[in-house]
Amino acid sequence: MNLTDNEKRDLVELIEAGKPLPDRFRFKLFGDKREVELVWNGKTNEVCTVVLPFQTIEQVDEPRAEKSMADGVAEPQQTSLFDERGRQQAGWTNKLIWGDNKLVLSSLKNGPLREQIEREGGLKLIYIDPPFDVGADFSMDIEIGEDTFTKKPNVLEQIAYSDTWGKGADSFIAMIYERLILMRDLLADDGSIYVHCDWRVSGYMRLVLDEVFGKENFRNEITWKRDAAGKGAKGKSSQWPRNSDTILFYAKPTEKWCFQQVYTDLSDEQKSPYRYIDPDGRLYKAVQLGDYSQQSIEKMEAEGLIHVSSKGKEYKKYYLDEAKSMIDCIWADIAGFGTRTASQEITGYATQKPEALLERIIEASSNEGDLVADFFCGSGTTAATAEKLNRKWIVSDLGKFAVHTTRKRMIGVQRKLKKNVKNYRAFEILNLGKYERQHYIGVNLNLNEEQQRRQLEQKSRDYQRLILRAYAAQSVEHSGVFHGQKAGRMVAIGPINLPVTRLFVQEVIAECLQKKISRADILAFEFEMGLFPRSRDEAKENGVDLAHKYIPATVFDKRAVEKDEVVFHDMSYIEVQVLTDKNTVAVKLTDFSVYYSQDAGKEATENLKNGKSKIIADQGQIIKLTKDKIGNTTREPLTKKWSDWIDYWAVDFDFESKPEVIRVRNEETGAIEEKQSGDYVFENEWQSFRTKKNRALELTSVRRECPLGRRKIAVKVVDIFGNDTMKIVEVEV
C-alpha cells in the first residue's frame, strides 16, 4: 500500500472513532484495478445459495378434448413420448414456477434440477424484462361488464415493490445485481442473455451487466422502436418522444455463443423506386450493373435477369419476392401494442411485449430443442414464443396473476398446435416449499448468529402483535407454532412476505394433535397454490377443525384497526355436481363463493365526492358506489351471479393417479434422491376459461370414460384475481 505516515495516522484515528473512511482510500487500500465501477448503497458480493425443493402443483399435458373420449374420438398421436391418450410419458417437461425469482434461481443453480437442465444441454438463452417502471405497483384492472375494478396489490406484492423500488435506484440495482449473477452462473457455457429496459434504468443496467458478465462480453445494444408506425411527438412537446426501448445482449466468455443472423423482407422504403413487372407478374427492381464481366452479363441475359431501359441502358433485375435485408441493431419493424390494439396476442397485461420481438431473439440466439428461460415472465410471451419455435422453456414470476395468465396462454398455444397436428410439450406449475423462517421474517443475514437470533425474535414479536390486535385475538406465550387464541380457537400466523406452505400447515396439525387442540385458524397474506382444500381435509381426518383466513392489507391501517373495520376473509369454496352415466363421468360447477373485500369500509363512502363513483369489493360482491350531486349514495352490484367471479376452472378425473415426487439432495452422501411427498399432482385434463376476446365460460365439462370403481375427482377454480382453490370429491363409477 502506498500510504504516507499522515494517511496511516488518519486511518487509525477514523477506525478507532468508528467513522467511515474517505473514498480516496478505497483504491489505495484494496488495489482495485477496475477503471469504472457502479457503486450503490449496501453493495455486497453475497449471493443467495438457498436450495428449496420444487413442488409440482399442476401438470398440463393435454389440452382439453373438444369432444368426449366416450364419443369414440381418438386423440391425435404425438410421438413415442406420449401414450394413447396424448399424455406425455417421458422427456423434458416445461416449467412455470411461482415464487421469488431470487430463490427460484438459487434453487435451480444449486439444487437437484440443475442436473436435469444440464442433461438437456444447459440453459442456452435468458430473456428478461424486469420491472423498470418506478411507478409500477402490482395493481391490476379487472373488467366487470362495462366497468373496471382496480385490484390493489396484496402485501407480498407490496413488499416486492418496496424491495425493488422502495429506495429508488439503489434498491432496484441491488435486486437485479444478485439475480444477474445467479443467471450468469446458470447459463450454459455457450449461452447468452438479453435484458430489456427503458430510459429509466438503461444506463445503470449497462454498468451492472458489464460488472457481472464483463464488458468484454458485451455483444450488442439493440434499440427497439416501439412505435413502428413512425408517429412522432404530439403537437407541442418539450422533448423528443420516448418511443423506444433498449435491449442489452451479453454472452458467456467464450468464442462459441449461439447466434444466427436474422433477415427480413425489404421494406417499401428500402425498395428501389425503379420497379417493374415481368410478363409473368413478378415484381422486380432495376439496379445498375456495376463491374460485371461480359461473360457474367451474357449469363444473366440468358437467365432473363437483364432489364433494358427505354434508352437502351442495361440493369440487373432483383426480384422483390426474393429480396432480403439483414437485420441490424435498430429494430423499427416490430410494432408495440400501442399501435396494435387489435392484436390477438393481447392479454391485458400492462408490460406485455409482442411475440415478434421474442421470436427474433429466440431464433437468433438458440436452436430448436434448446432450453430458454425468462424469470420475470409476466404474461408468458417468452414461453408462448418458445413453444411455437420448438424450444424448451423455464419461466417464473412472483405474481400469482402472472402465473395464471401464462397458464391460460400456454393452454391456448397447446390447443392450436394440437389442432394443426403438431407436437407440443407438457408443462408443469411449480411452487417453492420448505421456507426457513429467516427467509420470510426479513432478518439481515449479514449479522452474526446471535444478532440474527435477537433480530428474528424482535421482528417476529412486532409482526405477531400487529396481526393479533387486528384479529382481536389474545397473545399466548410459549405455544410452539401458535401465536394467539380467539373464541376457543388457537391462532397461527403465516409469514409476512412468503405464502403459507404445506410444511407450515403440517406443523400446525402436528401441534394440534400433540396438545389435543381441536380448533385452529391459520392467518396468512397468501397461501401456496394447490394447498386448499387438501390441508383442511388432512386436518379433518385427524379430528382438527382448521380454518384458513386471508390477512387483509388494512391490518397496517391504524385507523381501520381502531374502528374494528379489518375483515379477515375466508378462502373461497366450490360446489360441484358429478354426473355419472354407465362408465363415464362429467363435472358440473354449481356454485363458487369468495369473500374478498377492498375499500369496503364506511370511510370509502364518506370520502367519495358528490357526483363521483367508485368501484369496491365488499365480502364477495363487486359494487359500484355512486354519490349524486346532493350526497345521496347508491350501491349497484356489478357481479350479478356467482360465475362472474370465475376466470378459469379445470378437472382432474383421477386425482390420485400421479403422486408428487420431490427430488432432494442427500446432505450426507450428496446424491439426488426422489421421494413421494404424500400429495398428488393435479393433472389438468379439461378446462374452460375466459379470454379477452371470448368472455363465455362453460359450466359443465365433457364426459370422460373411466374404469368402474371408486375414484377421486379434483376440480380447480381460479378467480378473476388469479387466486386458486380446489375441491376433491369421491365418486363411484
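A salt bridge here is a side-chain nitrogen of Lys or Arg within 4 Å of a carboxyl oxygen of Asp or Glu. By that rule, the structure holds 41 salt bridges. Side chains of opposite charge can pair when their charged atoms come close. The model is a predicted one, so local features need pLDDT of at least 70 and side-chain atom pairs count only at pLDDT 80 or more, while totals for chains, interfaces and linings use all residues. Residues are numbered from 1 along each chain as its sequence is written, and side-chain values use heavy atoms, with hydrogens and water left out.

Take Lys-102 and Glu-178, a salt bridge whose closest N and O atoms are 3.9 Å apart. This pair links distant parts of the chain: Lys-102 sits in helix 3 (residues 101-110) and Glu-178 in helix 6 (residues 169-186), 76 residues apart. Helices (H or I, at least four residues) and strands (E, at least two) are DSSP runs, numbered from the N terminus. Lys-102 is partly exposed, at 24% relative accessible area, whereas Glu-178 is buried, at 15%. For these labels, buried means under 20% relative accessible area, exposed over 50%, and partly exposed in between (1.4 Å probe, protein chains only).

Next up is Lys-317, which forms a salt bridge with Asp-278, the closest N and O atoms being 3.0 Å apart. Lys-317 belongs to strand 13 (residues 314-319), and Asp-278 to the loop between strand 10 (275-277) and strand 11 (283-288), so the pair ties together parts that are 39 residues apart in sequence. Lys-317 is buried, with 12% relative accessible area, and Asp-278 counts as buried too, at 11%.

Lys-549 and Asp-570 make another salt bridge, with 2.5 Å between the closest N and O atoms. Here strand 23 (residues 545-550) supplies Lys-549 and strand 24 (residues 569-570) supplies Asp-570, 21 residues apart. Lys-549 is buried at 16%, but Asp-570 is partly exposed at 30%. Salt bridges also join up into a network, as with Arg-502, Glu-528, Glu-660 and Asp-679.

Three strands form an open sheet in the order 27-28-29, with antiparallel pairing. Strand 27 (613-618) and strand 29 (633-637) stand at the edges with a single partner strand each, so one side of each is left without a neighbour in the sheet. Two strands pair if DSSP finds at least two bridges between them; strand 28 (residues 621-627) and strand 29 pair in the antiparallel sense over five bridges. Within this pairing, Lys-624 has Glu-636 in strand 29 as its bridge partner.
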